[in-house]
Amino acid sequence: MTLPPATTPRTGSCQCGKIQFTVTGDPDYPHTCSCKDCQRLSGAPMMSWVSFPLDGLTWHGGSEPTWHYTWPDSRRGFCPTCGSQLCALDDGAASIAVTLSALGNPPDLIPVNQSFRETAVPWLPQVPDTRHHPDR
């Protein structure tokens, strides 16, 4: 699957609107994740993510996320007011992962894979791996 090029900036926010952001650049690897952290942080069977170049991220409204490390080198950004999970950022990374829900679940960003299938709930169908594999 080829993602559409980033022709216009995309905007997003937390549920209460205190934290707002714009991302520009080509979206990369929209996917769902069923790791225990995503399950616990979201209160759901999975979270959905898409990455954008970090240098294309702008926070608006005077607020930025509060950060919480879930791995030794990876932290999650959330709104301290409403608790919305907004993003994930690895130390030293050139891109930031944004939750699809913070972007309003745009119809052109369809998950192409599911991470941590081994901890996925058994009662929900898994997202098929639809990435282009040149060796197949």
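**Salt bridges in a predicted model**

At 39% relative accessibility, Asp91 counts as partly exposed (buried is under 20% relative accessible area, exposed over 50%, partly exposed in between, with a 1.4 Å probe and protein chains only). The model is predicted: local features need pLDDT of at least 70, side-chain atom pairs count only at pLDDT 80 or more, and totals for chains, interfaces and linings use all residues. Residues are numbered from 1 along each chain as its sequence is written, and side-chain values use heavy atoms, with hydrogens and water left out.

**Exercise 1.** Determine how many salt bridges a search of the whole structure finds.

*Solution.* Apply the criterion: a side-chain nitrogen of Lys or Arg within 4 Å of a carboxyl oxygen of Asp or Glu.

**Exercise 2.** Identify the partner of Asp91 and locate both residues.

*Solution.* Step 1: Asp91 forms a salt bridge with Arg75, at 2.8 Å from N to O. Step 2: Arg75 belongs to strand β7 (residues 74–78), and Asp91 to the loop between β8 (85–90) and β9, so the pair ties together parts 16 residues apart in sequence. Strands here are DSSP runs (E, at least two residues), numbered from the N terminus.

Key. Helices (H or I, at least four residues) and strands (E, at least two) are DSSP runs, numbered from the N terminus.
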